Amino acid sequence: MACPLLGLWALCEVLVPVVAGWTVDRAVLTGDVTALVTSVLAVAALFLVLSLSYRHGIRPLLAAQEHEGHALRVAVARRSLDPRGARHHRADGEVLSVASSDAERTADVLDAVALLVSAVVSLGAVAVTLLGLHVPLALAVLAGAPLVSLALRGLGPLVTRRASAQQEAVAATSALATDLVRGLRVLHGLGAAPAAAARYRRSSDAALAASLRSAAADGAQLGATTLLSGAFLAAAAGAAGFLALRGDLSVGELVVVVGLAQHLSQPVRLVGAAMARLAASRASAARVAALLAEEHVAPAGGLAPSGSPALHVQGLRTGRLTGLDLDVRPGELVALVAEDPADAADLLDVLAGRVPPGEVGRAVRLDGAAWADLDASAVREVVHVEPHATSLFEGTLATNLDVAPARPRTGGPTLAQALAAAGADEVVGLDPRGLDRPLLDRGAGLSGGQRQRLGLARALLADPPLLVLHEPTTAVDAVTEQTVARGLRALRHDAADPAAPRSTLVVTAGPALLAVADRVVLVSGGRAAGTGPHADLVLADHRYRAAVLG
Amino acid sequence: MRRADGTRQSDPDARQSQSPGQSPDDPGPLPEGPDEEAGRALLPVASRRRAWAAVRGELARTPWRTAAALGLSAVAAALGLVAPWALGLLVDVVARERGLPAAGAGGSAEGAAALVPVLALLVGGALAAGVASGLAAAAVARAGARALAGLRTAVVDRVLRLPTSVLERTGTGDLLARVGDDVAVVTRAIAEVVPQVLASALTVVLTAAALTAVDWRVGVGGVICLPVYVGALRWYLPRSGPLYALQRTAQGARSQALLGALQGARTVRALRAEEARAADVEARSARARDLAITVLRLFTRFASAMNLAEAVGVVAVLGTGFWLVRGGTLTVGEVTTAVLLFLQLFGPLGVLLTSFDDVQSAGASLARLAGVAQMPAAAAPVAAPAPADASVRVDGVVHRYDGGPPVLHGVDLALAPGEHVAVVGASGAGKSTLAALVAGELAPAVGRVLLGGSEVGALDPEQRRRSVVLVSQEVHVFSGRLLDDVAMAAPPGLEGAALERAVTAALEAVGAAAWVRTLPDGAATRVGEGGVALTPEQAQQLALARLVLADPAVAVLDEATAEAGSTGAAALERAARAATAGRTTLVVAHRLTQARLADRVVVMAGGRVVEVGAHDDLVAAAGPYADLWRAWSGG
């Protein structure tokens, strides 16, 4: 429905100069009042149809486009958040650009088609009108308009080159400004503000030079467009004037020819624009489709885990691991010290489900069940892998802390207990609004240590049977690290309900955390190289001492 | 020539589903509403008068260029009127030659030769209009680019020199919005909106004048449609403004939700919160979509009102022309001129009417930029004598942030030249405040901080740069070549090959040279945002390399080894020791190994110094430090 209406709208646009010429012929030249009244009615009717067809054509079209863009955006977001993951890891920026601009541009296909329809209708209407007036003149005008457009394309590459150079230079300058402001404290600490200001001025000058060059090219293009379309109009007017003198055209028809010749450049350009838009839309649609068709890391289905946090790793070989053995028994707090942090990262990738379970096979077992047989999505109800770079979300402190869906067990820690154990109660107390404090920009206003403690509190509150922590205290001071270590131990292990034991695996080299662990495993060269309580290992193992005490 | 939508005619490629002048990809500013920095003071916003004064000031730097741009624009707009005039003449010639009644008096049968002067006028007019509009567009764009460059340099220069105390009050959010979003809005306005509005306004005014020149009654006929336009605007603007603001907010919220969910994907997965995050994205995207549709419906009604105004105008001009030709006052050619002039008016009028929102938002951004650019510069400190040596003395210092409760309650501390002192304590003990005071970043509320006997706040910037450097808690890798990142700290005058050698030596000193060599382009590799991502350890090594290059007498390290994975921390501690060798050093220590190697340890709690002494003495003293150390060393 939208396309015919927009076609009608385009037709009306063409008819405005036609009706004006017709009025000159029928009414102004003759002085006939009846003809004037008819003309006024015709103008009124024309504008009414024009206005209504545009309004009722464009509304459903653009609404459909908004709905389509929204649907694609949500589909991409849902696919990216799918717990079964994607085999091919994409950068966040790439996914964001697919979810925003590609989704939008894919939906643009509707707009592009409508654009094409209205341009074609315009061209057709102009052609029919002109051919009805004078065939040779019509052919000349219809051939001339595309030629003028083509001639103007000659400047296109220069303008595009200068414009993209200018956009790049301006973007670089603006990126430099925000980068310098982000590093403002560093600059102040170094007393380097004057040096930074000089660097910005150089960048701004380069952007200005590019802008000036681009302005010259833009001016040349506008001048050439004005000149050529003026010359084209003069030629059409001259030819039509000559024909009118000979009596082949009436005066009003002369006005119509001139008006249409002026109008013609618009649909010619629109066809080009619509084709470019269709091409862009197709490319975006391909990117959206590729992301949506991405294979999952884990197949759907499998055994449900028993819920017991007994982790048994034997001979795990993945990434840089060359046969890792590790046991975490129900109720145990185990720490893992890796000489090479990449070894620990490989183990965490497995436990977090970022490695296809088929590749892990039976090297990892949860309460006796092989990793490959378990339902990857259900495993997360038992194993919670808290990332080192934990993320906060928009909302308040309270909405950030209480995120995870409740587990089917009551008697977990209260919010106050979790906050205290993570040393995060102090963070909450910093602001008079307490837990209702809003977090803007996903917590960018908090220090690294504050974010780390809030993330830990959130993980403790989720109360998973097996909690895996990755360097949870790197951004906090020695005093706080000790508070956290004691709090973690007390909350999850000393005060735990024996009927529902909680296990914790901490990847860390922080002495305070290591000291409260039941057992520490040292990983060296991709395999376990020693195990025992922290105090024993410090005394007995020089490699351990070097890794932990520096 | 006709338009029903202000955005379409000037550039069909810019045709969008959004409101006029709004890009769908633009995430827009952050959502409004209560923010965590709500209690913070914002930077000043200039009044409208002062904002315009800032623009005029920039334009007045090259007065003849500005005048030339305006003059050329007026000439170009005037030359645009030649074609309708000549076409009217053409109609008259034809009507006369064919002996039609409504043609002007006089005239003889010259045949085709009568067309020659009219065609010459058309072709000449096209040539002149082409040249003038090209020159005018270039001149306006160049004047705008110059004014913009002047304004953005003034703003960034001012922002970079804001005192730390102001930064503490305002936070960086407002600053980032100004140098980022506001500069972008004004840039777009100067590049796209201003030239169009200027050319359109000139065309509208000159066309109205030309209509009146044809005959004053035709002029009146032409302006009869104005009340309809004004009425449409008065209906549209109060409704569209708030809707656009809502739409921008909704788009910003949508981007935030998407970005948060994607960047936090691992956390979301760990917390099994996929459904909640996806539902959040869906709800916000739906809200942005619904607002876009509402805005569009409103706009199409406004477009209909513009159509009505156009129809009224066409009828009025044709009707007036009809009566005047019948009365013999005008020729049919003159009426043709009037009709063509009027039809030619729709484009520029549409541009003017649909630019209001852009002009308003550009004005608001301009006021925020001018507000910063016009902030008074900090008074130059009274020149203090250069520091006599590398000693540090903190005398009875009390500090409070913005009238809040004191965070330091009378701290005394003295560092001998070359001495290394570590500060240990819990969060909120006042360690970072003490570090900032010693570095001269903050001025004490009570008491004095002396470097080599001179008050640190009274040193001029260059003296201070040579005397003390603070390696702050915030780690930042400047986007660009790694070489340029470190060179940020170079003393003035060090340039070219000498600078590169000094940077290489600094990287060598902190043990970064080895990994820098493995980067794709060595020290010339682009790092930071948009470049190679460095690990936190590498970023901190760069910060230490800057310290070596700056070569101050006193170094203050605020948790310079924080954030690194524990295993990397040991390497960083070695780098920090190398970078501070031979300097008086105050280090805020996360890891007690740093404290053990210092000459003395200061333990802080609740804004006071609670214990001072050498590591071994404190361990033996069985105070709070001894407890900490026992837990740390597993003893």
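**Entry 1: a sheet in chain A**

I began with strand S4 (residues 364-366) of chain A, which I find joined to S5(A) by two bridges, the two strands running antiparallel. Within that pair, A:Arg365 has A:Ala370 of S5(A) as its bridge partner. I note here that I am reading a predicted model. Looking at the whole sheet, I see that it is open and has four strands in the order S2-S1-S4-S5 (chain A), with antiparallel pairing. Its edges are strand S2 (324-328) and strand S5 (369-370) of chain A, each of which pairs on one side only.

**Entry 2: S3, S11 and S12 of chain A**

I then followed strand S11 (residues 519-524) of chain A, to which strand S3 (residues 333-338) of chain A is joined by five bridges, with the two running parallel. Across this pair, A:Leu336 has A:Val521 in S11(A) as its bridge partner. S11(A) is also joined by five bridges to strand S12 (residues 527-532) of chain A, and here the two run antiparallel. For A:Leu522 I looked up the bridge partner in S12(A), and it is A:Gly530. S11(A) and S12(A) make a hairpin with two residues between them, and in the turn A:Gly525 has a positive phi of about 60°.

**Entry 3: a sheet in chain B and the helix on it**

In chain B I looked up an open sheet of four strands, ordered S2-S1-S4-S5 (chain B) and paired antiparallel. Strand S2 (406-415) and strand S5 (454-455) of chain B have a single partner strand each, and because they stand at the edges, one side of each is left without a neighbour in the sheet. Between strand S1 (residues 392-400) of chain B and S2(B), which run antiparallel, I note seven bridges. One residue I checked there is B:His399, which stands opposite B:Leu408 in S2(B). Helix H12 (residues 431-438) of chain B packs on this sheet, where it touches S1, S2 and strand S4 (446-451) of chain B, and its direction makes about 125° with that of S1(B).

For helix H9 (residues 274-326) of chain B I compared span with length: at 1.5 Å a residue its 53 residues should span 78 Å, and the end C-alpha atoms are 77 Å apart, which agrees. After H9(B) comes B:Gly328, with a positive phi near 80°. Helix H3 (residues 92-133) of chain A, with 42 residues, reaches 60 Å from its first C-alpha to its last, close to the 62 Å expected at 1.5 Å a residue. I also looked for a bend in H3(A), and there is one of about 35° at A:Asp102.

**Entry 4: domains**

Chain A is divided into domain 1 (1-134 + 267-296), domain 2 (155-248) and domain 3 (311-549). Taken over C-alpha atoms, the centres of domain 1 of chain A and domain 2 of chain A are separated by 28 Å.

Chain B is likewise divided, into domain 1 (42-214 + 352-377), domain 2 (216-329) and domain 3 (392-633). Here the C-alpha centres of domain 1 of chain B and domain 2 of chain B lie 23 Å apart. I looked up the contact between these two, and it takes eight residues of domain 1 of chain B and 13 residues of domain 2 of chain B. On the domain 1 side, the elements that give two or more residues are helix H5 (164-214) and helix H11 (356-373) of chain B. H5(B) supplies the largest share of that side, four residues. By class, the side of domain 1 of chain B that touches domain 2 of chain B has six nonpolar, one polar and one charged residues.

**Entry 5: where the chains meet**

Last, I turned to the contact between the chains, which takes 152 residues from chain A and 157 residues from chain B. Which element gives the most to the side of chain A that touches chain B? I find that helix H7 (residues 193-246) of chain A does, with 31 residues. Sorted by class, that side of chain A has 88 nonpolar, 40 polar and 24 charged residues.

How values were computed: Residues numbered from 1 in each chain as written. Chains lettered and ligands numbered in written order. Predicted model: local features only at pLDDT ≥ 70, side-chain atom pairs only at ≥ 80, totals over all residues. Domains from an automatic or database assignment. Pairing = 2+ DSSP bridges. Contact = placed C-beta atoms within 7 Å. Axes fitted to C-alpha atoms, helices over the stretch in contact; angles between N-to-C directions. Nonpolar A, V, L, I, M, F, W, Y, C, P; charged D, E, K, R; others polar. Expected span 1.5 Å × (residues − 1). Bend = angle between axes of the 7 residues up to and from the residue.
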